[in-house]
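User: I would like to go through this model with you, beginning with the fold and then turning to individual residues. Could you put it up first?

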Amino acid sequence: MQRREQILDFAARAYFRTGGSFDIRDVAREAELGYGTVYHYYPNRHLLIEEVLDSGFERCEQALAEWSNLSRSTSDNRQLLTYCKMLLRLWLSDARAYLVYKMAAEQYSGLPEKDRHPAQRRFMEQLYLPLKSIAQREDDSVDYMLAVLVGCCGVHYYAGTSELDVNRIAQLAMQAITKEY
């Protein structure tokens, strides 16, 4: 189980480094494992990406459920700000969770056609629509909020920056909701 988790983590990171055009050998090299070891668990790139996304979805869905349980009593902007911070911290510690939102922003275009629509549907039903409902926003402000979060966190993965100012980025994302400058 630990070996699988290691492979999935390195595969998610390889996705960012290569723009999604990595292969099993890249993951093996990055994880400092033999090609045969990775191939044993994932005989092809498609299965590897599928499991990376599935585990990322599970982590994001769990985070949203935890936050929604905490925010049931109120739907004010402080609760939404807390969610922005929680999501950023999750993404910074878990490339798989970030990949779910990053690929959603790209409408899962890196996936084969047969997998694209189920991933889009899962994102909409399990992550986006519940967030929009909890945030009590009917306009497109949640889209802008997520765009700020995804874009800023992308700097961490694509530019290799070690730290992000979670509080500042969350405040910027909230400006998309509140439309205050």
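User: Before we start, what should I know about the model and the numbering?

Analyst: This is a predicted model, in which local features need pLDDT of at least 70 and side-chain atom pairs count only at pLDDT 80 or more, while totals for chains, interfaces and linings use all residues. Residues are numbered from 1 along each chain as its sequence is written, and side-chain values use heavy atoms, with hydrogens and water left out.

User: How many helices and strands are there in the protein?

Analyst: The protein has nine helices and zero strands. These are DSSP runs numbered from the N terminus, with helices (H or I) of at least four residues and strands (E) of at least two.

User: What about overall dimensions?

Analyst: The C-alpha trace spans about 50 × 35 × 25 Å along its principal axes.

User: What share of the residues is buried?

Analyst: Buried residues make up 44% of the 181 residues. Buried means under 20% relative accessible area, exposed means over 50%, and partly exposed lies in between, using a 1.4 Å probe and protein chains only.

User: And the contacts with a separation of 6 or more: what percentage comes from residues 24 or more positions apart?

Analyst: Such residues account for 68% of the contacts with a separation of 6 or more. A contact means heavy atoms within 4.5 Å.

User: Now the core. Which residues have the most contacts inside the largest one?

Analyst: The largest nonpolar core has 63 residues, and those with the most contacts inside it are Leu48, Trp91, Tyr101, Tyr108, Met145 and Leu149. Two or more residues each come from α1 (2-18), α2 (24-31), α4, α5, α6, α7 (113-135), α8 and α9 (166-178). Helix α4 gives the largest share, nine residues. A nonpolar core is a set of buried Ala, Val, Leu, Ile, Met, Phe, Trp, Tyr and Cys residues joined through side-chain atoms within 4.5 Å.

User: What does Trp91 touch?

Analyst: Not counting residues up to four places away in sequence, Trp91 touches Cys60, Ala97, Tyr98, Tyr101, Leu149, Val150, Cys153 and Tyr157. Ring pairs also link Trp91 into a cluster with Tyr15, Phe16, Tyr98, Tyr101, Phe123, Tyr128 and Tyr157.

User: How many aromatic pairs does a search of the whole structure find?

Analyst: The search finds 11 aromatic pairs. One of them is Trp67 with Tyr83, a tilted pair at 4.6 Å centre to centre with 40° between the planes. This pair links distant parts of the chain, with Trp67 in helix α4 (residues 45-70) and Tyr83 in helix α5 (residues 77-93), 16 residues apart. Rings of Phe, Tyr and Trp (its six-membered ring) pair if their centres lie within 6.5 Å, and planes under 30 degrees apart count as stacked, over 60 as edge-to-face and the rest as tilted.

User: Why do Trp67 and Tyr83 count as buried?

Analyst: Trp67 counts as buried because its relative accessibility is 2%, and Tyr83 counts as buried because its value is 0%.

User: And Tyr98 with Tyr157: what geometry do they have?

Analyst: Tyr98 and Tyr157 form a stacked pair, 5.1 Å centre to centre with 15° between the planes. Tyr98 lies in helix α6 (residues 95-105) and Tyr157 in helix α8 (residues 141-158), 59 residues apart. Both Tyr98 and Tyr157 are buried.

User: Which rings have an arginine over the face?

Analyst: Arg25 lies over the face of Tyr35, at 4.2 Å from the ring centre, and Arg45 lies over the face of Phe22, at 5.1 Å from the ring centre. The criterion is NZ of Lys or CZ of Arg within 6 Å of the ring centre and within 35 degrees of the ring normal.

User: Changing topic: is Met174 buried or exposed?

Analyst: Met174, found in helix α9, is buried, with a relative accessible area of 5%. Beyond four places in sequence, Met174 touches Asn77, Leu80, Leu81, Cys84 and Lys179.

User: Last one: what is Ser141 in contact with?

Analyst: Leaving aside neighbours within four places in sequence, Ser141 is in contact with Ala176, Ile177 and Lys179. Ser141 is found in helix α8 and is buried, with a relative accessible area of 0%.
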